[in-house]
Amino acid sequence: MSNLPLFRDPWAKREAWRKHPVFTNRAMFSSMFPGLGIALVAFTAYVVVDNFYSKAQPGAQQKH
């Protein structure tokens, strides 16, 4: 006897792509916003540097 299940799915080969790791929820979420992590790091660095230099120069702040 073979080890094949009694009721095989004839569409299993055509549906196999759905179980590929590229289509997991984690992979889909991480590729939803490409570049978001780099943008957040760059913006945070910009804000920190801007705040540092504006405090270092006493006449750089604008009066409202």
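View 1. F33 sits in the loop that links α2 (25-30) to α3 (36-56). Helices here are DSSP runs of H or I with at least four residues, strands are runs of E with at least two, and both are numbered from the N terminus. This is a predicted model, in which local features need pLDDT of at least 70, side-chain atom pairs count only at pLDDT 80 or more, and totals for chains, interfaces and linings use all residues. Residues are numbered from 1 along each chain as its sequence is written, and side-chain values use heavy atoms, with hydrogens and water left out. F33 counts as partly exposed, at 49% relative accessibility (buried is under 20% relative accessible area, exposed over 50%, partly exposed in between, with a 1.4 Å probe and protein chains only). Together with F29, M32, L36 and L40, F33 makes a nonpolar surface patch of about 550 Å². Such patches take residues with over 30% relative accessible area and no salt bridge, joining nonpolar side chains (Val, Leu, Ile, Met, Phe, Trp, Tyr) within 5 Å and like charges within 9 Å.

**View 2. The annotated segment.** In an unreviewed entry, UniProt lists residues 27-49 as "transmembrane region"; such annotations may be inferred rather than shown by experiment. Residues 27-49 are 78% helix and 0% strand, and their end C-alpha atoms lie 33 Å apart.

**View 3. An aromatic pair.** Which two rings meet here? The structure holds 1 aromatic pair. The ring centres of F52 and Y53 are 5.5 Å apart and their planes lie at 65°, so the pair is edge-to-face (centres within 6.5 Å; planes under 30 degrees apart are stacked, over 60 edge-to-face, the rest tilted). F52 counts as exposed, with 57% relative accessibility.

**View 4. A salt bridge.** E15 pairs with R18 in a salt bridge, their closest N and O atoms being 2.4 Å apart (the rule asks for a side-chain nitrogen of Lys or Arg within 4 Å of a carboxyl oxygen of Asp or Glu). By this rule, the count is 1 salt bridge. E15 is partly exposed at 33% relative accessibility.

**View 5. The chain as a whole.** Of the 64 residues, 0% count as buried. Mean pLDDT, the predictor's confidence from 0 to 100, is lowest in α2 (79) and highest in α3 (93) among the elements.

How values were computed:
Phe/Tyr/Trp six-rings, centres within 6.5 Å; stacked < 30°, edge-to-face > 60°. Areas by Shrake-Rupley, 256 points an atom, 1.4 Å probe, with all protein chains shown as cover.
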